[in-house]
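Please look at the structure below before reading on.

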Amino acid sequence: MALSVPLSNDVLDHLFYKARSFVDWQDKPVSLETLKTLYDLVKMGPTSANSCPLRILFLTTDAAKQRLLPHLHEGNVAQTKTAPVVALLANDMDFPQHFPALFPVAQAWFQGNAPLIEETAIRNASMQGGYFIMAARALGLDCGPISGFDAEGVNRDFFSESPYTSWKINFLCNIGYGDARTLKPRLPRLPFETACRVG
Ligand SMILES: Cc1cc2nc3c(=O)[nH]c(=O)nc-3n(C[C@H](O)[C@H](O)[C@H](O)COP(=O)(O)O)c2cc1C
């Protein structure tokens, strides 16, 4: 399906202009069904060679979240502890194993090329992380992305056992239904003239 019309202003507000990063959460759970629908949207975003290197560990219980808290920078503890779900978004450094199903001819391009595998994993899993935030918003969820944590510690505590040893944490994303009462004013963004050039 080719897309030829812009979405309505309401939808643009919902996804971009009025969407915020949240640190406080309503006491409202996120169902497993919603998490599955979220992934069904995320997986449709494009990746190079259809590599699909993003992997997600959803922490939904207090016990699971408790294991994560010691690895967080102090300012990120409260917002993560109270979030209904914490998503650990990881790069699967062994993503080529899925090429037979995802894109068979691509397997040969990556064979034995560790730098290309690493670059592809990081770039595309990060892009999928962006799709994750937008997909969550599309489903009426709010996000609080987090990069302030000890990556080595998270990998050790969550991804050191088979079959997860090839997962390397990229960033965390708290998800739930945000409490807008404590939001600080929006920070400015760079204007077109600063951030873009037209050649
Ligand atoms: C990848 C990523 C990492 C972030 N890491 C943190 C973090 O460690 N702690 C935090 O409080 N906010 C973190 N943020 C939130 C940003 O500060 C926030 O998205 C930005 O200031 C824009 O806020 P707004 O969406 O409300 O306009 C992160 C955001 C992203 C996308």
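Aspartate 92 has tryptophan 167 of β4 as its bridge partner. The model is a predicted one. Eight bridges link β2 to strand β4, residues 167-176, and the two run antiparallel. The table lists both pairings of β2.

| Pair | Bridges | Direction |
|---|---|---|
| β2 and β4 | eight bridges | antiparallel |

Strands of a sheet pair through backbone hydrogen bonds, and the pairing may be parallel or antiparallel. Here four strands form an open sheet in the order β1-β2-β4-β3, with antiparallel pairing. Strands β1 and β3 (142-146) are at the edges and have a single partner strand each, so one side of each has no neighbour in the sheet. On average, neighbouring strands of this sheet are turned by 30° against each other, direction ignored.

Is strand β2 buried or exposed? Eight of its eight residues, 85-92, are buried, so β2 is largely enclosed by the rest of the structure. Both of its faces are covered: one side has Val85, Ala87, Leu89 and Asn91, the other Val86, Leu88, Ala90 and Asp92, and all are buried. Helix α8, residues 151-158, lies across β1, β2 and β4 and runs at about 90° to β4.

There is also a ligand. Residues around the ligand include Arg20, Asn76, Ile146, Phe171 and Arg186. The shell around the ligand has four nonpolar, five polar and two charged residues.

Terms used: Residues numbered from 1 in each chain as written. Predicted model: local features only at pLDDT ≥ 70, side-chain atom pairs only at ≥ 80, totals over all residues. Buried ≥ 20, exposed ≤ 12 C-beta atoms within 10 Å, placed from the backbone. Pairing = 2+ DSSP bridges. Near = placed C-beta within 6 Å. Nonpolar A, V, L, I, M, F, W, Y, C, P; charged D, E, K, R; others polar. Axes fitted to C-alpha atoms, helices over the stretch in contact; angles between N-to-C directions. Contact = placed C-beta atoms within 7 Å.
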